[in-house]
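Let's take a friendly walk through this structure together.

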Amino acid sequence: AGGGQAIREEFKLGRAPVVVSVARFAANRGHEQLLAGFGELLQRLPDARLLLVGKGERRDRLEQLVADLGLGHRVIFTGYRDRDLPQVLAAADCFALMAAGSDESCRAALEAMAAGRPVVARAIGAMPASVADGETGLLIDDEAPSAVAAALWAILGDPARARAMGEAGRRRAEGEFSPERSTAIVEAVYRTIAEP
């Protein structure tokens, strides 16, 4: 993925396929499902990395789960990233969101789409209204980790399709967001991609 170089250097990602998820570390945000699915994905894509962006009361528990699943070398807790979220998104090859936010919004998914990133999401809350299944990303209907792994693989294993979905997502997000907010996100991402 073009851009996001500073983030790739900070976390020593190299050219690895990168999945980013931005969500509070709270109950019912689907991190457990995402981690289990990511673990299955590694069987097909052993170099992949998962960046978990956020903060919250369940971080310790999730760090323990990562250790228990043996994913410590592939999953990175980035902490809360506000100022450089566009760079984090630019470093991603795919964005994943397993649950809507406390306000039932999918703002993080829309921001990822505005950044031109394909989205893998659970088909719950407002997600189906935001993510066009098969066009701007892939929606998952069940809780099975294998469904998460299959959706991530479908995108990460096909970079041309991922790029097309990202472009479609950016166009869709520009329609969903206020023009000012959309422009700010897109400009920030472009600045990141344009940086040497």
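This is a predicted model: local features need pLDDT of at least 70, side-chain atom pairs count only at pLDDT 80 or more; totals for chains, interfaces and linings use all residues.

**A guided tour**

Residues are numbered from 1 along each chain as its sequence is written, and side-chain values use heavy atoms, with hydrogens and water left out.

Helices (H or I, at least four residues) and strands (E, at least two) are DSSP runs, numbered from the N terminus. D142 has a relative accessible area of 38%, so it is partly exposed. The scale behind that word is simple: buried means under 20% relative accessible area, exposed over 50%, and partly exposed in between (1.4 Å probe, protein chains only).

Now turn to the aromatic rings. A pair of aromatic rings is described by the distance of the centres and the angle of the planes. Rings of Phe, Tyr and Trp (its six-membered ring) pair if their centres lie within 6.5 Å; planes under 30 degrees apart count as stacked, over 60 as edge-to-face and the rest as tilted. By this rule there is one aromatic pair. F25 and F77 form it edge-to-face, with 5.6 Å from centre to centre and 65° between the planes. Because F25 lies in the loop between β1 (18-22) and α2 (31-41) and F77 in strand β3 (residues 75-79), the pair ties together parts that are 52 residues apart in sequence. F25 is buried, at 0% relative accessibility, and F77 is buried too, at 16%.

Charged side chains come next. Side chains of opposite charge can pair when their charged atoms come close. Here a salt bridge is a side-chain nitrogen of Lys or Arg within 4 Å of a carboxyl oxygen of Asp or Glu. The count comes to eight salt bridges. One of them joins the side chains of E32 and R58, at 2.8 Å from N to O. This pair links distant parts of the chain, with E32 in helix α2 and R58 in the loop between β2 (49-53) and α3 (59-68), 26 residues apart. E32 is partly exposed, with a relative accessible area of 32%, whereas R58 is buried at 18%.

Another salt bridge joins D84 and R81, at 2.6 Å from N to O. D84 is buried at 18% relative accessibility, and R81 is buried at 13%. These two residues and E10 are linked in a network of salt bridges. R81 is found in the loop between β3 and α4 (85-90). R81 and V53 are 28 residues apart in sequence and 6.7 Å apart in space, C-alpha to C-alpha.

E174 and R170 also meet in a salt bridge, at 3.8 Å from N to O. They are separated by about one helical turn because they are four residues apart in helix α8 (residues 159-176). E174 is partly exposed, at 35%, and R170 is buried, at 16%.

Next, find helix α5 (residues 107-114): seven of its eight residues are buried, so the helix is largely enclosed by the rest of the structure. A108, A109, L110, E111, A112, M113 and A114 are the buried residues. G116, whose phi is positive, near 75°, follows α5.

Finally, the backbone. Most residues other than glycine have a negative phi, and most peptide bonds are trans. K12 has a positive phi, near 50°, and lies in the loop between α1 (5-10) and β1. N28 has a positive phi near 65° and is found in the loop between β1 and α2. K12 is exposed, at 68% relative accessibility, and N28 is exposed at 70%.
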